[in-house]
Amino acid sequence: MTDQQHPTTGGCPLRAGGADTGAVPLYGAGLSADPARLYHEMRAHHGTVAPILLDGDIPGWFVLGYRELHQVTSNPELFARDSRRWHAWEHIPADWPLLPFVGHQPSVMFAEGPEHRRRAGAISEALAAIDQFELRGICERLADGLIDDFAGSGEADLMSRYAARLPLLVIAELFGFPHTEVPALAADIAASLNEDDGAIAAHQRVAARMQRLVVAKRAAPGADVPSRLLAHPAGLAEAEVVIDLLVVMAAAQQPTANWIGNTLQLMLTDDRFALGLTGGRRSVGQALNEVLWHDTPTQNFIGRWAVRDTQLGGRRIRAGDLVILGLAAANSDPQVRPDFSEAGADGNQAHMSFSHGEHACPHPAPEIAEVIAKAAVEVLLDRLPDVVLAVPADALVWHPSLWMRGLVSLPVEFTPAYTPIPATRTGALGSG
């Protein structure tokens, strides 16, 4: 077997094949310490497409090259989303930790062809009906409310008390969830992200709440995303609306929370942004975009499955092989990575952070996420202009995840006082 072949034999994974195939194990401790260095070393040893091993030594291909990732995401007929094509299913244990991400579900995430276009199109149109000026007002109002809760204390963990909460509160409002249900919904979503026995039960409670919401919106429609999906000409069934709304909420909450947290971390630790903390609005946009290139919240995505034998980056990919989208690695491809020290590089938005192609984040989801993230950062810096890190920058801890890039906590200090909402926002907020 050569390094150019897939680490399988007749479709059977080589369980201890790391040494034999040169496959890179992408599991265990230490993955989050320096992902950029990991991707650099993988590219140096394997090129733009690398053989890898996931938990349990399950093999796959990791796409590091920007052009190769563009090729994969632009060809859904060749690299498809339906995970039932995977030839390794007989080797996947029932408790495999990545099973929730690859187990086929009847959602827009795994749909293909006309069915995917039907459902993704409905989601796009339902999201496009959101007025982004109104959205900005909602974000500012909710951000101000969160800051009010800790502004007088002089210290806070901006991840748990701010960044992790704001996207969910915004989505809950856009979905039309009753205000009385939002605290329990937030608690269950947080619990569903934990890797413990309670995560499944928490997810089931979230799904049950979404089911009740959709039934209620069918009976009494409103100016919200579920009502627009139910009324869409695509004729979505209630079950389709429920599961696709769960996908939209999951895709919006954690990545946007980490986008906020990673941007605040950059602005609080990088001298290039220090002078902009007291009102440099342009620097917030620069920081948000730089994070998507250098520290994107969604690092990698599992995945695509080869429909037939093909070639990719000089590798022989066999039908049924698993392909991992290395979004962060593609962004760091030296052939395309922008130099942010040069004027104008901050406007380069050709990153892969929202993926690409038919199965990318549907328009206008990235724009909505940007409104939420930008409002979060700007409101915080308006309200707490002297905010600083409460610990050394090298003491910050990142979640040990191959898939997401986010801080465990972001402790800060600031002048403890009630900081009033700036007059530039009170008029807009007062108008409802």
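**Cavities, backbone geometry and aromatic contacts**

The structure, a predicted model, holds two cavities of 30 Å³ or more. The largest cavity has a volume of about 60 Å³. Ten residues line this largest cavity, and those closest to its centre are Leu 31, Pro 35, Tyr 39, Gln 299 and Ser 401.

Most residues other than glycine have a negative phi, and most peptide bonds are trans. A cis bond joins Ile 302 and Gly 303, with an omega of about -10 degrees. Gly 303 belongs to strand β8, which comprises residues 301-306. The peptide bond from His 363 to Pro 364 is likewise cis, and its omega is near 0 degrees. Pro 364 is placed in the loop between α15 (327-331) and α16 (365-383).

Positive phi values in residues other than glycine are found at Asp 57 and at Ser 355. For Asp 57, phi is near 60 degrees. This residue is located in the loop between β4 (49-54) and β5 (58-63). The relative accessible area of Asp 57 is 18%, and Asp 57 therefore counts as buried, the cut-off being under 20%. For Ser 355, phi is near 65 degrees. Ser 355 is found in the loop between α15 and α16, where Pro 364 is also placed. With a relative accessible area of 18%, Ser 355 is buried.

In one of them, the ring centres of Trp 86 and Trp 305 are 6.2 Å apart and the planes stand at 55 degrees, so the pair is tilted. Trp 86 lies in the loop between β6 (79-80) and α4 (99-102), whereas Trp 305 lies in strand β8; the pair therefore ties together parts that are 219 residues apart in sequence. Strand β8 is also the element that contains Gly 303. Both Trp 86 and Trp 305 are buried.

A further tilted pair is formed by Phe 150 and Phe 414, with 6.2 Å from centre to centre and 55 degrees between the planes. This pair, too, links distant parts of the chain, 264 residues apart. Phe 150 is in the loop between α6 (132-148) and β7 (155-157), and Phe 414 is in the loop between β13 (411-413) and α17 (423-430). Phe 150 and Phe 414 are both buried.

Beyond individual pairs, one aromatic cluster is formed by Trp 86, Trp 89, Trp 96 and Trp 305. The tilted pair of Trp 86 and Trp 305 thus belongs to this cluster.

Aromatic rings also take part in contacts with charged side chains. The charged end of Arg 81 sits over the ring of Phe 110, at 4.6 Å from the ring centre. In another such arrangement, the charged end of Arg 405 sits over the ring of Trp 398, at 3.7 Å from the centre of that ring.

Key. Residues are numbered from 1 along each chain as its sequence is written. This is a predicted model: local features need pLDDT of at least 70, side-chain atom pairs count only at pLDDT 80 or more; totals for chains, interfaces and linings use all residues. Side-chain values use heavy atoms; hydrogens and water are left out. Helices (H or I, at least four residues) and strands (E, at least two) are DSSP runs, numbered from the N terminus. Buried means under 20% relative accessible area, exposed over 50%, partly exposed in between (1.4 Å probe, protein chains only). On a 1 Å grid over the protein atoms alone, a cavity is a set of points where a 1.4 Å probe fits but cannot get out, and a pocket is an open set with protein on both sides within 12 Å along at least five of seven lines; lining residues have an atom within 4 Å of a point. Grid points are joined across faces, edges and corners, and a volume is the space filled by probe spheres set on the points. Rings of Phe, Tyr and Trp (its six-membered ring) pair if their centres lie within 6.5 Å; planes under 30 degrees apart count as stacked, over 60 as edge-to-face and the rest as tilted. A charge sits over a ring if NZ of Lys or CZ of Arg is within 6 Å of the ring centre and within 35 degrees of the ring normal.
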